[in-house]
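Please look through the sequence and the model shown below before reading on.

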Amino acid sequence: CLYQFKGKVTAISTALDIHPNGENVRPNVYISESGEQILVDLINEKIKNHRAPGQSEVADLMRMQRCNELETAHEMACAMGLGKLQDEFSRIVDYPSKQKVSEFIQEHKMSFSKPFDLEFQRSQAGTASNIRHWFSYPFTEDITNGVTEFFFINSDEINIDADMGCRVAKPKSFSRAPAETDAGTHHHITLMMTITPSGQNPPPFIIIGGLAKVPEALQHYMDDGQAYFVCNSSGWMDVPTYRIFAQYLVDWINKRRQQKGLDIKQKALLVLDGHSTRLDEAATDIFINNYCSVITFSGAFTHIMQPIDRVLTRDFRRFYRANLRRLTIMTRDQLSTTNNVAELKRNNIILATIDATRQV
């Protein structure tokens, strides 16, 4: 066990039956007072930089600090020739429980809360993003004539993150949690999910932020037709990425037409939300030239009218969290030893995303 003394940290092994005396002892602490202060300063710095950590990230930081302290204690025990004490500090370090993480946050006048503010890129899909265009291009029921179940298509972006749905740390004095993690972080990922009533859907279109090109480790997913990856600076949908998606989708539509022996002019209908990228003329031309009509919902109605929002998103998130939790447990030892934690986390997120799209 670790025992904390006021003004000085002393490591004492209960295996040696040595018990300290004094009123300033805190028995069986996870990390020392000085270590806790290091973490508090780090968390506050992350909050200040709009990168507030979620509960799982705080647990990672606590475990890392404990590993550092046990390593120091182990070196001290070796130098002192205390064999039993040396063995005590050589054991595997478990992650702190959720209760211990919550107690640590509360003790230092913080709490976990849902993120509030939205990044600029994400706000482009807000309520008023396309309301001024809503009545400019009216459609009638004729647009659906000749559209079969194989070519009635709905696509929608879903934000994917390691702490998706997780509460993040904030000072208790703040009424709201800070903004979500900056859009440009290395692990931010967006899924463009696409579905049809037939259940024969294109592979998931996944946008990876912070990379210049698709990593070689992910290339086989594209080669096997399990997913399609695009890299940009933010990980969010932008105009260049939307154009790539448009070409990707019409290529899939044309392949489906060919497989079913249908005319290349067989009508397709794509339903989207009102993200500002939908106004791009180059992407619109790609759809029009491939006989695919596009309807965009006003920002205020997507959660009411869009099939993915209405039916699939909740189940997808549930499967995604379960898959990510399973993969995180499987790679826990690698996460604690690898020099590239970001890459391993990203691979876990992508694999969990691909599996979840198959399950919904």
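Predicted model: local features only at pLDDT ≥ 70, side-chain atom pairs only at ≥ 80, totals over all residues.

Residues are numbered from 1 along each chain as its sequence is written, and side-chain values use heavy atoms, with hydrogens and water left out.

The protein has 12 helices and 10 strands, where helices (H or I, at least four residues) and strands (E, at least two) are DSSP runs numbered from the N terminus. Buried residues, meaning those under 20% relative accessible area with a 1.4 Å probe and protein chains only, make up 42% of the 360 residues. The protein exposes about 19400 Å², of which carbon and sulfur atoms supply 51%; these areas come from the Shrake-Rupley method with a 1.4 Å probe.

Strand β7 (residues 205–209) pairs with β8 in the parallel sense over five bridges, and two strands count as paired if DSSP finds at least two bridges between them. Within this pairing, I207 has V230 in β8 as its bridge partner. From β7 the chain crosses through helix α6 (residues 216–223) to β8, in a β-α-β crossover that is right-handed; that is, with the strands pointing away from the viewer, the path from the first strand over the helix to the second runs clockwise. Why is strand β8 largely enclosed by the rest of the structure? Four of the five residues of β8 (residues 228–232) are buried, so the strand is largely enclosed.

A nonpolar core is a set of buried Ala, Val, Leu, Ile, Met, Phe, Trp, Tyr and Cys residues joined through side-chain atoms within 4.5 Å. The table sets out two such cores.

| Core | Size | Residues, among them |
|---|---|---|
| Largest core | 25 residues | I160, M193, F229, Y320 and I350 |
| Another core, apart from it | 22 residues | I207, A246, V250 and I286 |

Leaving aside its neighbours within four places in sequence, I350 is in contact (heavy atoms within 4.5 Å) with I189, I206, I208, L218 and F229.

Finally, Q334 lies in helix α11 (residues 332–337) and is partly exposed, with a relative accessible area of 44%, a term that covers values between the buried limit and the exposed one of over 50%. Q334 and L344 are 10 residues apart in sequence and 8.2 Å apart in space, C-alpha to C-alpha.
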